[in-house]
Amino acid sequence: MKEAGYYDESITNGVVVMVEPYSQQKQIQQVVYRILDANLDRAREGLRIIEEWCRFGLNSGQLAGECKYLRQEVAVWHTEELRAARDTAGDPGTDLSHPQEEQRSSIKALLQANFCRVEEALRVLEEYGKLYHPKMGQACKQMRYRVYSLETNLMGHQRHQLLWRSRLYLVTSPSENLLPTVEAALKGGLTLLQYRDKDTDDSVRLELATKLRQLCHSYGALFIINDRVDLALAVDADGVHLGQQDMPIATARQLLGPQRLIGRSTTNADEMQKAIAEGADYIGVGPVYETPTKVGKAAAGLGYVSYAAKNSSVPWFAIGGIDANNINDVIDAGAERVAVVRSLMQAEQPTLVTQYLISQLHRIQPES
Ligand SMILES: Cc1ncc(COP(=O)(O)OP(=O)(O)O)c(N)n1
Ligand SMILES: Cc1nc(C(=O)O)sc1CCOP(=O)(O)O
Ligand SMILES: [Mg+2]
């Protein structure tokens with residue numbers, strides 16, 4: 001590669017520009033080379049960490065392939081002269097680490113930290129690369145945008161995988177013990193929570209939703225907001241649950257983007273087909289039994305559960321009046337997933353009830 005020519009000229013168009021003596025030019029060049037070398041390494045390492053999760057955690061050849069492609073694109077710029085500039089012993093940065101780098105609360109946090117690392121490294125490469133090769137800045141900029149897309153796709157993929165794996169869905173009701181109850185359920189293996197509160201001030205909703213999102217994500221669980229797309233965006237929730245009277249799915253999708261989850265309540269076959277056609281990521285199927293939590297809504301019954309078992313192409317959750325006593329009837333009707341409010345919000349031992357409900361949902365389905 002040609003040496004950086006920026007330091008060579010003393011007069012350009014009759015204007016005197018700053019010139020460093022040759023020895024200083026060389027020194028500056030070495031510094032630029034070291035910056036490029038360090039950040040090329042950083043970008044590749046971060047991509048490799050993300051790639052391993054795509055490959056072994058998500059089993060996604062497509063996402064892993066994109067990581068590998070980006071790693072190889074980065075490697076093209078890692079020339080011998082840049083590697084030769086490395087001086088690890090003389091680098092004061094090798095001992096510097098932030099406490100947050102020493103602990104990761106979840107895979108999501110680990111991935112996000114590494115995406116940040118790759119994106120930052122590419123930004124550095126974009127700027128300093130302009131001093132090295134006329135095409136390096138532009139190439140790194142394009143890679144950075146590809147990494148942004150990869151991040152969006154991967155996070156969406158993660159959410160969908162966890163949604164499919166989730167058997168039990170806790171929908172909250174207002175409670176003095178909201179956070180401890182939710183945490184107890186998370187300890188029991190809950191991976192999907194919906195914050196539902198029809199009568200509280202928005203300031204309180206915002207505060208509680210923020211805390212619940214943090215709590216859920218620290219346990220690697222998905223966090224959904226009932227009814228309110230604006231609140232879901234404000235607290236960076238994983239998605240929103242919309243009933244038949246709530247916002248149309250298409251409008252919510254426009255606001256939330258393709259990667260967040262949208263659930264829809266359904267009570268009959270027509271509503272189910274419409275919700276799926278409109279792009280719902282999952283559906284609620286109920287009420288299976290009449291319930292005081294949703295006063296005035298007639299039961300759809302176990303017949304609708306059986307219909308859903310045969311016809312739904314998206315994950316669906318039987319909901320309404322389900323508890324430890326009748327869950328096996330609902331499972332026998334074909335349900336693999338259920339959503340509950342009172343069974344957990346009013347449980348004396350939410351961890352144990354969560355474990356019990358999940359264990360029943362994992363039992364082998366009877367032959368039909
Ligand atoms: C999982 C799940 N299923 C159904 C509902 C009910 O939604 P909706 O009909 O909009 O009623 P409200 O919950 O808003 O009163 C739900 N929330 N979650
Ligand atoms: C919020 C909700 N939606 C329903 C529906 O059928 O759409 S039933 C329901 C309440 C479920 O509460 P519990 O588990 O306490 O019976
Ligand atoms: Mg609603």
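1. In this predicted model, an oxygen atom of ligand 1 lies 2.8 Å from a polar side-chain atom of lysine 294. This is a polar contact, defined as a pair of N or O atoms within 3.5 Å; within protein, one must be able to donate a hydrogen and the other to accept it, and residues adjacent in sequence count only if both atoms are side-chain atoms. Lysine 198 places a polar side-chain atom 2.5 Å from an oxygen atom of ligand 1, and for an N or O atom in the side chain of asparagine 226 the distance to a ligand 1 oxygen is 3.1 Å. On its own, ligand 1 has 420 Å² of accessible area, of which the protein covers 92% (Shrake-Rupley method, 1.4 Å probe; for residues, only the protein chains shown count as cover).

2. The surroundings of ligand 1 comprise 13 residues, the closest being Arg196, Lys198, Gly243, Ser265 and Lys294 (a residue is near if one of its heavy atoms lies within 4 Å). By class, this shell holds 2 nonpolar, 6 polar and 5 charged residues. Here Ala, Val, Leu, Ile, Met, Phe, Trp, Tyr, Cys and Pro count as nonpolar, Asp, Glu, Lys and Arg as charged, and the others, Gly among them, as polar.

3. Turning to ligand 2, an N or O atom in the side chain of threonine 293 is 2.6 Å from one of its oxygen atoms. Backbone atoms also take part: an N or O atom of proline 287 lies 2.9 Å from a ligand 2 oxygen, and a polar atom of glycine 286 lies 3.5 Å from one. The protein buries 95% of the 420 Å² that ligand 2 exposes when taken alone.

4. Around ligand 2 there are 13 residues, and Thr291, Thr293, Gly321, Val341 and Arg342 come nearest. The shell of ligand 2 divides into 4 nonpolar, 5 polar and 4 charged residues.

5. As to confidence, the predictor assigns the complex an ipTM of 0.99 and a pTM of 0.80. The chain has an average pLDDT (the predictor's confidence in each residue, from 0 to 100) of 91, with 89% of residues scoring at least 70.

6. On conventions, residues are numbered from 1 along each chain as its sequence is written, chains are lettered from A and ligands numbered from 1 in the order written. Local features need pLDDT of at least 70 and side-chain atom pairs 80 or more, while totals for chains, interfaces and linings use all residues, and side-chain values use heavy atoms, leaving out hydrogens and water.
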